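Open your viewer and keep the selection tool ready. We will go from stop to stop.

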Amino acid sequence: MIWNPNKECMSRDEMSALQGKRLHKIVQYVYHNVPFYRHKLQEMDLTPDDIRTIEDIVKLPYTTKKDLRDNYPFGLQAAPQSEIIRIHASSGTTGNPTIVGYTRKDIGVWSECMARSLTAYGVGRDDIFSVSYGYGLFTGGLGAHNGVEMVGASVVPASTGNTEKHAKLIRDLGVTGIACTPSYALYLAETMEQIGITKDMIKLRVGAFGAEPWTENMRAEIEERLGLKGFNLYGLSEIMGPSVSYECRMQHGSHINEDHFYPEIINPVTLEPLPKGQTGELVFTTLTKEGMPLLRYRTRDLCALMPGECGCGRTSVRMTPISGRSDDMLIIRGINVFPSQVESVVLSMKEFAPRYLLVVDRINNLDTLEVQVELRQEYFTATFDTPAAIDELRKRLADKLRSVLSISAKVQLKAPNAIERSQGKSVRVIDNRKLK
Ligand code: DLL
């Protein structure tokens with residue numbers, strides 16, 4: 001089944017015409033409502049009338065996460081506050097998170113995009129569907145939730161944590177579908193095995209996995225251990241949240257909701273657009289968003305757009321799985337973490353030298369983060385024989401990191417010069433997780 005064949009199966013010409021019309025409108029809208037964009041366009045000697053067709057998009061400026069940071073919290077919001085009915089946030093590169101406001105219409109579009117995804121996975125009214133992305137400022141929980149309600153399945157808003165209880169609910173309620181990160185799916189499988197819940201005791205048949213990179217090997221393992229079919233679900237808060245794109249039953253790339261989010265691929269160094277089929281950085285323009293529309297937002301995700309038709313009947317363009325990032329963002333337990341966030345915490349405490357290292361690992365299918373930091377010489381000399389002071393400092397740093405990163409990190413305090421110096425660029429991250 002296809003949720004909205006009118007939009008998901010349009011001819012190329014119809015789609016381009018619709019995108020062009022919507023682009024013109026959105027440029028006009030931001031020009032009049034967002035001083036940041038008005039100034040940018042004026043600097044480039046552009047008016048909304050210069051943008052008539054979708055091909056004109058290349059004339060427009062890019063938007064970056066730094067622009068969001070510089071305009072924190074509401075500087076890029078286009079709709080008046082009275083029209084905003086929901087606010088989500090995601091990690092910024094340093095202290096402040098990125099804030100995204102949605103109007104009622106935005107939430108409606110988002111719910112429909114999520115409903116399109118779920119329908120492509122084969123989820124319908126008879127399903128009992130557990131949403132095990134985090135509910136809260138993260139877009140995963142509420143975003144998936146609205147879509148499940150829209151398709152009419154019974155939503156179980158399980159969120160994350162309390163995995164044993166969740167595993168029992170999956171068994172007892174006969175839950176048939178689940179949305180969570182792929183690493184959480186593996187952790188769930190492991191928990192089930194530990195408490196004696198076997199595959200034949202549960203009815204799971206569909207998984208909507210995303211929010212972090214995963215591989216075909218992980219898919220095979222999750223499918224085998226939970227007895228379900230796993231589908232990719234992609235998105236990012238700045239553009240909408242989950243379901244910017246989704247896999248269909250062909251599982252050959254993820255269909256982009258391109259009537260709402262126009263994709264381009266660029267060379268992340270030269271910023272030149274690349275032809276279809278080449279791998280580069282994914283850029284999105286929101287074509288219908290009212291709350292915080294963005295022009296040519298650089299996602300930093302690396303992938304390619306796939307030319308050609310799909311056997312499922314949808315004509316929307318597909319993207320390959322994300323193969324990496326053009327910046328240093330890590331995703332740890334589904335949470336985006338920038339090394340610069342750790343740096344800002346370390347620099348805010350006078351006891352530490354600006355030398356730190358993030359060590360990321362995956363132990364029993366759970367991501368772990370250790371932060372190693374060097375003490376300043378004066379502080380080290382004053383405290384190295386008073387373990388209580390060191391303990392207190394370690395705890396203070398761990399608390400600060402948890403509040404800034406939204407995940408807990410193990411802290412290791414190091415003596416001055418104990419962190420290895422590199423010859424060239426300093427190494428800030430060691431990621432021992434092997435995505436096979
Ligand atoms: O992760 C939204 C989401 C929630 C997507 C639930 C899917 C499911 P952010 O926290 O803003 O939003 O993180 C966005 O996560 O730029 C990618 O780097 C990464 N990401 C998201 N989905 C996938 C995926 C949500 N399917 C960032 N595969 C993005 C690989 C993904 N990476």
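Which residue of β11 does I266 stand opposite? Select I266, then find E281 across from it in β11.

**Before you go on**

This is a predicted model, in which local features need pLDDT of at least 70 and side-chain atom pairs count only at pLDDT 80 or more, while totals for chains, interfaces and linings use all residues. Residues are numbered from 1 along each chain as its sequence is written, and side-chain values use heavy atoms, with hydrogens and water left out.

**Stop 1: strand β10**

Select residues 261-266, which form strand β10. Helices (H or I, at least four residues) and strands (E, at least two) are DSSP runs, numbered from the N terminus. Six of the six residues here are buried, so β10 is largely enclosed by the rest of the structure. Buried means under 20% relative accessible area, exposed over 50%, and partly exposed in between (1.4 Å probe, protein chains only). Now look at the side chains. F261, P263 and I265 point one way, and Y262, E264 and I266 point the other way. In a regular strand the side chains alternate between the two faces of the sheet.

Two strands pair if DSSP finds at least two bridges between them.

**Stop 2**

Zoom in on D301. An N or O atom of the D301 side chain is 2.6 Å from an oxygen atom of the ligand. Next, pick R325: a polar side-chain atom lies 3.3 Å from a ligand oxygen. The ligand taken alone exposes 610 Å², and the protein buries 97% of that. These areas come from the Shrake-Rupley method with a 1.4 Å probe; for residues, only the protein chains shown count as cover.

**Stop 3: salt bridges**

A salt bridge is a side-chain nitrogen of Lys or Arg within 4 Å of a carboxyl oxygen of Asp or Glu.

Jump to helix α12, residues 387-405. D391 and R394 meet there in a salt bridge (2.7 Å, N to O). They are three residues apart, about one helical turn.

Notes: Polar contact = N/O pair within 3.5 Å; in protein donor to acceptor, adjacent residues only side chain to side chain.
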